[in-house]
Amino acid sequence: MKIHYGTALAAVALVAVHILMRLTMGYAESLEYENVLANYKFVPYAIMLELILVLLAVHGFNGLRVILLELKQGRLYEKAVSYGCLAAMIGLIAYGSRTIIMTNMGMV
Amino acid sequence: MAQVSSVSSEQSPTAKSIVLRISRFNPEHDESSQFMEFNVKYEKWTTVLEAILDVKKHFDHSVAVRYSCRQATCGSCGMIINGKPRLACFTKISELDSNVITVEPMNNFPVIRDLAVKFEKLFDTHQKIKPYLIRDDTEIESDEKEFLQSPEEVEQYIQFANCIKCGLCNSACPTMATDSSFVGPQALAQAYRYVADSRDKGKDSRLKIIDDSHGIWRCHFAGSCSQVCPKGVDPAMGIQLLRGYMLGFRS
């Protein structure tokens with residue numbers, strides 16, 4: 001559970017930086033295609049986005065796992081929930097990382 | 001199954017009467033619980049337990065209720081009285097301020113019959129957290145004195161030593177209602193009681209026991225456990241302090 005607290009605190013700090021960076025220009029402008037690509041291509045910022053992705057995926061799916069474990073108990077069910085959430089977490093991180101890496105390497 | 005009866009025992013003229021609704025349920029042949037109603041006379045000092053025993057004496061001796069000391073020491077007569085977990089022997093009818101008193105078995109415990117519930121899980125989880133002092137030097141050498149403590153050290157845990165294992169905190173806990181494997185506020189408060197004791201050396205083993213997927217982190221800090229404790233123990237605070245040990249804020 002310490003990982004849940006740790007990821008929450010780290011995510012709050014990094015998401016705050018992320019929001020502040022978005023405020024350097026208008027909100028709609030910051031979401032324009034070229035600006036988003038530029039963000040991904042700026043390596044330090046891309047690393048921060050990757051970190052946010054990992055932190056939120058771990059925090060979110062661990063939270064979901066805890067909620068599901070509280071709803072119902074049983075050895076098989078608990079195993080299925082834990083491994084299911086872990087698989088979903090890895091899947092989401094892989095998919096998000098793929099987008100960041102592909103954009104960073106100029107494949108988009 | 002509901003019936004209305006009246007206790008006409010030798011009561012003083014000052015006695016008032018209430019309707020006592022008792023939940024009846026025998027898991028061996030009932031599908032759901034039903035209430036039986038009794039008109040019971042009471043004085044301002046009459047407790048709910050005395051009213052139930054009046055019913056047993058005069059109307060229906062088959063009403064199942066567990067009790068022993070009648071002075072809030074043994075922790076046997078916990079039940080839901082007008083929707084709140086209380087000790088029947090420690091709850092006066094006059095203080096409930098109602099003409100209808102409803103008594104039900106405690107929540108989050110399997111019912112044996114009527115108002116009596118099984119305490120096995122409570123005792124199992126209590127035992128699981130090793131409710132005793134753990135030390136390497138269990139034998140005191142002849143030239144040594146007792147394990148002395150300062151008043152400040154005693155203050156750290158003394159209120160938690162008042163627990164009488166009545167199970168009211170577990171009955172009030174919303175997490176226990178959904179998570180049948182949750183260790184519960186009673187055991188967690190007792191874990192804190194021994195972890196915070198300066199004479200104890202078993203902190204690490206206890207913290208390991210409660211740091212599992214149905215352990216201390218499942219507490220949502222609703223605080224209902226502390227509200228219902230008849231002995232003034234504050235399990236919710238104990239759990240938060242215990243989390244301080246888990247996270248390294250306390251040592």
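This is a predicted model: local features need pLDDT of at least 70, side-chain atom pairs count only at pLDDT 80 or more; totals for chains, interfaces and linings use all residues.

Student: What makes B:Leu49 buried?

Tutor: A residue is buried if 20 or more other C-beta atoms, placed from the backbone, lie within 10 Å of its own, exposed if 12 or fewer, and partly exposed in between. B:Leu49 has 22 other C-beta atoms within 10 Å, so B:Leu49 is buried. B:Leu49 sits in helix 1 (residues 48–58) of chain B. Of the 251 residues of chain B, 38% count as buried.

Student: Which residues is B:Leu49 in contact with, leaving aside its neighbours within four places in sequence?

Tutor: They are B:Tyr67, B:Arg70, B:Cys77, B:Ala88 and B:Cys89. Two residues are in contact if their C-beta atoms, placed from the backbone, lie within 7 Å.

Student: Why is helix 7 of chain B called mostly covered?

Tutor: Helix 7 (residues 185–195) of chain B has eleven of its eleven residues buried. Those buried residues pack against helix 3 (120–128), helix 5 (168–172), helix 8 (203–210), helix 9 (224–228) and helix 10 (235–246) of chain B.

Student: Why are helix 7 of chain B and helix 10 of chain B called oblique to each other?

Tutor: Axes are lines fitted to C-alpha atoms, for helices over the stretch in contact, and angles run from 0 to 180 degrees between N-to-C directions. Angles under 35 degrees count as roughly parallel, over 145 as roughly antiparallel, 65 to 115 as roughly perpendicular and the rest as oblique. The axes of helix 7 and helix 10 of chain B come within 8 Å and cross at roughly 55°, and the two helices are therefore oblique to each other.

Student: What kinds of residues make up the contact of helix 7 of chain B with helix 10 of chain B?

Tutor: Eleven are nonpolar, two are polar and none is charged. Ala, Val, Leu, Ile, Met, Phe, Trp, Tyr, Cys and Pro count as nonpolar, Asp, Glu, Lys and Arg as charged, and the others, Gly among them, as polar.

Student: What makes helix 3 of chain A and helix 5 of chain A roughly perpendicular?

Tutor: Helix 3 (residues 33–41) and helix 5 (residues 75–104) of chain A pack at an angle of about 90°, with their axes 8 Å apart. The two helices of chain A are therefore roughly perpendicular to each other. Their contact is made by A:Leu37, A:Tyr40 and A:Lys41 of helix 3 and A:Ile100, A:Thr103 and A:Asn104 of helix 5.

Student: Where do the domains of chain B lie?

Tutor: Chain B is divided into domain 1 (4–117) and domain 2 (120–246), with bounds from an automatic or database domain assignment. Their centres, taken over C-alpha atoms, are separated by 30 Å. In chain B, 14 residues of domain 1 are in contact with 13 residues of domain 2.

Student: How many residues of chain B are in contact with chain A?

Tutor: Eight residues of chain B are in contact with six residues of chain A.

Technical notes: Residues are numbered from 1 along each chain as its sequence is written. Chains are lettered from A and ligands numbered from 1 in the order in which they are written. Helices (H or I, at least four residues) and strands (E, at least two) are DSSP runs, numbered from the N terminus.
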